[in-house]
Amino acid sequence: MPKNEINQIPCIMERAKGLRMKIVLNPSPADQDILELPLGDVDYLILNEVEGAIISGVSQSDEEGRGKTDCRGVLGHRRLA
């Protein structure tokens with residue numbers, strides 16, 4: 001499971017996809033570089049409110065966004081069970 005603390009995450013993800021592996025990503029620590037990753041290739045995304053806000057573009061402090069930090073529309077939602 002790659003975390004945002006290691007180098008070459010895009011290359012690792014590309015290689016894993018080529019090998020038809022499941023990709024589990026924890027994009028922590030959060031920064032805007034998360035948006036540069038091929039998130040559409042991620043099978044399981046492990047994140048908290050900070051990463052969710054960055055990826056979805058909805059800030060927890062936004063009055064309109066309160067309770068709406070949700071990445072389903074960004075990445076495509078898949079039920080796990």
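# Briefing: helices, core and backbone features

Just after helix 1, Arg20 has a positive phi of about 60°. The model is a predicted one, in which local features need pLDDT of at least 70 and side-chain atom pairs count only at pLDDT 80 or more, while totals for chains, interfaces and linings use all residues. Residues are numbered from 1 along each chain as its sequence is written, and side-chain values use heavy atoms, with hydrogens and water left out.

The protein chain contains three helices and two strands, arranged along the sequence as α-β-β-α-α. Helices (H or I, at least four residues) and strands (E, at least two) are DSSP runs, numbered from the N terminus.

**The chain as a whole**

- The protein chain has 81 residues, of which 26% count as buried; buried means under 20% relative accessible area, exposed over 50%, and partly exposed in between (1.4 Å probe, protein chains only).
- Among contacts with a separation of 6 or more, 26% are between residues 24 or more positions apart; a contact means heavy atoms within 4.5 Å.

**Nonpolar core**

- Ten residues form the largest nonpolar core: Ile9, Met13, Ala16, Ile23, Leu25, Ile34, Leu37, Leu39, Val42 and Ile55.
- Helix 1 gives this core its largest share, three residues.
- Such a core is a set of buried Ala, Val, Leu, Ile, Met, Phe, Trp, Tyr and Cys residues joined through side-chain atoms within 4.5 Å.

**Helix 1**

- Helix 1 spans residues 9-18, and its residues Ile9, Met13 and Ala16 are buried.
- These three lie on the same side of helix 1, because they cover an arc of only 65° around the axis; the arc is that of the directions from the helix axis to the C-beta atoms.
- An α-helix has 3.6 residues a turn, so residues three or four places apart point the same way.
- Glu14, Arg15 and Gly18 are exposed, on the face of helix 1 turned away from its buried side.
- Strand 1 (24-25) is included in what covers the buried residues of helix 1.

**Helix 2**

- Six of the eight residues of helix 2 are buried, which leaves this helix mostly covered.
- The buried ones are Glu51, Gly52, Ala53, Ile54, Ile55 and Ser56.
- Ile55 lies in helix 2, which runs over residues 49-56, and counts as buried because its relative accessibility is 6%.
- The C-alpha atoms of Ile55 and Ala30 are 9.5 Å apart, although the two residues are separated by 25 residues along the chain.
- Ser56, also in helix 2, is buried with a relative accessible area of 17%.
- A polar atom of the Ser56 side chain lies 2.7 Å from the backbone oxygen of Gly52.
- At the N-terminal end, Asn48 caps helix 2, with a side-chain oxygen 2.9 Å from the backbone nitrogen of Val50.
- After helix 2 comes Gly57, with a positive phi near 80°.

**Backbone exceptions**

- Most residues other than glycine have a negative phi, and most peptide bonds are trans.
- Gln8 is not a glycine, yet its phi is positive, about 65°.
- Gln8 sits in the segment before helix 1 and counts as exposed at 52% relative accessibility.
- Arg20 is another residue other than glycine with a positive phi, near 60°.
- Arg20 is in the loop between helix 1 and strand 1, and counts as exposed because its relative accessibility is 79%.
- The peptide bond from Ser28 to Pro29 is cis, its omega being near 0°.
- Pro29 belongs to the loop between strand 1 and strand 2 (44-45).

**Salt bridge**

- Side chains of opposite charge can pair when their charged atoms come close.
- The structure has one salt bridge; the term means a side-chain nitrogen of Lys or Arg within 4 Å of a carboxyl oxygen of Asp or Glu.
- Lys17 and Asp41 form a salt bridge, and their closest N and O atoms are 3.2 Å apart.
- The pair joins distant parts of the chain, 24 residues apart, with Lys17 in helix 1 and Asp41 in the loop between strand 1 and strand 2.
- Lys17 is partly exposed, at a relative accessible area of 48%.
- Asp41 is partly exposed, at a relative accessible area of 24%.

Conventions. Polar contact = N/O pair within 3.5 Å; in protein donor to acceptor, adjacent residues only side chain to side chain.
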